[in-house]
Amino acid sequence: MPDTPTVPAPDLTPAPPSAPDAGNDHRGRVRSCFGSRLRLRLRLWLRLRPRLRLCSRLRLRRSVLVPLTAAAVLVAGTGGWYAAGGGRSTVGPAPAGGPEEAVAPLAASMHLPWPREGQASVAVEGIGSLGTRGEQRPVPIASVTKVMTAYVILKDHPMRADAPGATVVADRRAADESYSSVETTAPVIAGREYTQRRLLELMMVPSGNNVARMLARWDAGDEKAFVAKMNRAAAGLGMRATTYTGVSGMEASTRSTAADQLRLARAAMKDPVFRQVVATASVTAPGVGVTFRNTNKLLGRDGVIGLKTGSSTPAGGNLVWATTQEVAGVSRLVLGVVLHQRAGTTPAEGSAAAHEASRALITAIRAELPAAAKRA
C-alpha cells in the first residue's frame, strides 16, 4: 500500500508592502484571498487526516468481516450442530444431509463396554457424542418404531405437560385387535372415549401395536398416510438411513440405524409430554382393569427415565434408553441406542441381550463421565 503523500505547506509569509496603485492593490487582494483559502484548506486537511486513516482501516476490516459473517451464518444454519471453529458438537438434531456429530474429546479417556454385536450410539446433552459402534447399516428395529409414531402424533396434536390431550374414540378394528398371540397389544373397547395421553401410554408402556395403528388412523385417516408422515419427519431430522413401512414395528422392512434413532430420541425428548409418557412405570387399561408394567426393565434404576424397547426374531433385541447424570454440578441427559442384539433368536433372548448391553453402558458412563469431564 503506497505511503500517504506529503502535502507541502504553503508559504504564508506576508508580501512586503507596495505602492497603492490600482494594479498592486488588486493583486494584493488576490494574494490575500488565495492565502486565506490555502490556510483554511490546510487546517481542514490536518484536522481530517486522522479520520481519513480510520476510514481506510475500517474499509479494510469490513472486507475481512463480510466473509467471516457469512461463514458464521452458515454455521448457525446447521441448527447448533457444530460450534464455529471448534469442532465440538452439541446435542440436537442435525439437518438432512448434514455431517455426523463429532465425538466429544472427553470420550477418548472413557473405556465404555460397547456391545460386541449389532450397533450402538450414545450422546450426552450439552457435551456431545460418546461414540458409535458397529456397522451403521439399516436393520429392523421392531417396536422402537413407536418412538417415531409418538413423535409425529405429538407434533400434529401438541399437548401441555400433565394435560390429558384430545379425546379419541376407539374404533372396532382396534378393539378386535386387542388380544393377539402373535404381537403385543393393549385392550381397548370399541366406541369408548380415551384421552390422547392414555393411548400414548398404552402404545409406549406395554407396546400396544393395535393402539399405534388406531392413533395413526385417527391422525391421518389411514395408516399409509401416517407412514408417509413418519418418513417425512425422519428426513427432516436427517435420518438418512431410515425407512418406515409401518407404524408399530411389526414389519421387518422398517429399518434404521443406532445413529439415526439417537437423532430421533434427542428430538422426541425435548417434548415434556413425551418424556412423561416414556417415564411411566405402569398403566391401567380403562374399562378393563388390566395393569401393564413398562417393558423397559431398566426404568427407575441408575437414573433411567425411559425410553423404548423393541424385539423380534429378525430385529433381535433393541433398546433406546435415557438416563441422567450430574456433571460438574449440572444434571445431564444421556441418551443411548442399542440395536440388533442376538438377531435370529427368540424375542425374549434378544430383549435380554439388549437390556444387558444397555445396562453395562449406562453403569460405565455414570461412573466415568464426571471424572472424564474434569480431565477434559
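**Close-ups of a predicted model**

**View 1. Strand β10 sits mostly inside.** Of the 12 residues in strand β10 (residues 316-327), 10 are buried, so the rest of the structure largely encloses this strand. Keep in mind that this is a predicted model. The next two views look at what β10 pairs with.

**View 2. Strand β9 meets β10 in a hairpin.** Strand β9 (residues 304-312) runs antiparallel to β10, and 8 bridges join the two.

View 3. Glutamine 325 is a handy landmark, standing opposite arginine 332 in β11. The hairpin has 2 residues between its strands, and alanine 328 in the turn has a positive phi of about 55°.

View 4. The loop in question runs between α6 (223-236) and β6 (255-256). Alanine 252 counts as partly exposed because its relative accessibility is 34%, between the 20% and 50% cut-offs. Leaving aside residues up to four places away in sequence, alanine 252 touches Pro140 and Pro314. Proline 140 is 112 residues away along the chain, yet its C-alpha atom and that of alanine 252 are separated by 5.2 Å.

**View 5. Helix α4 is mostly covered.** In α4 (residues 196-204), 8 of the 9 residues are buried. Among them are Leu199, Leu200 and Leu202, along with Met203 and Met204. Arg197 and Glu201 are on the buried list too.

Conventions: Residues are numbered from 1 along each chain as its sequence is written. This is a predicted model: local features need pLDDT of at least 70, side-chain atom pairs count only at pLDDT 80 or more; totals for chains, interfaces and linings use all residues. Side-chain values use heavy atoms; hydrogens and water are left out. Buried means under 20% relative accessible area, exposed over 50%, partly exposed in between (1.4 Å probe, protein chains only). Helices (H or I, at least four residues) and strands (E, at least two) are DSSP runs, numbered from the N terminus. Contact means heavy atoms within 4.5 Å. Two strands pair if DSSP finds at least two bridges between them.
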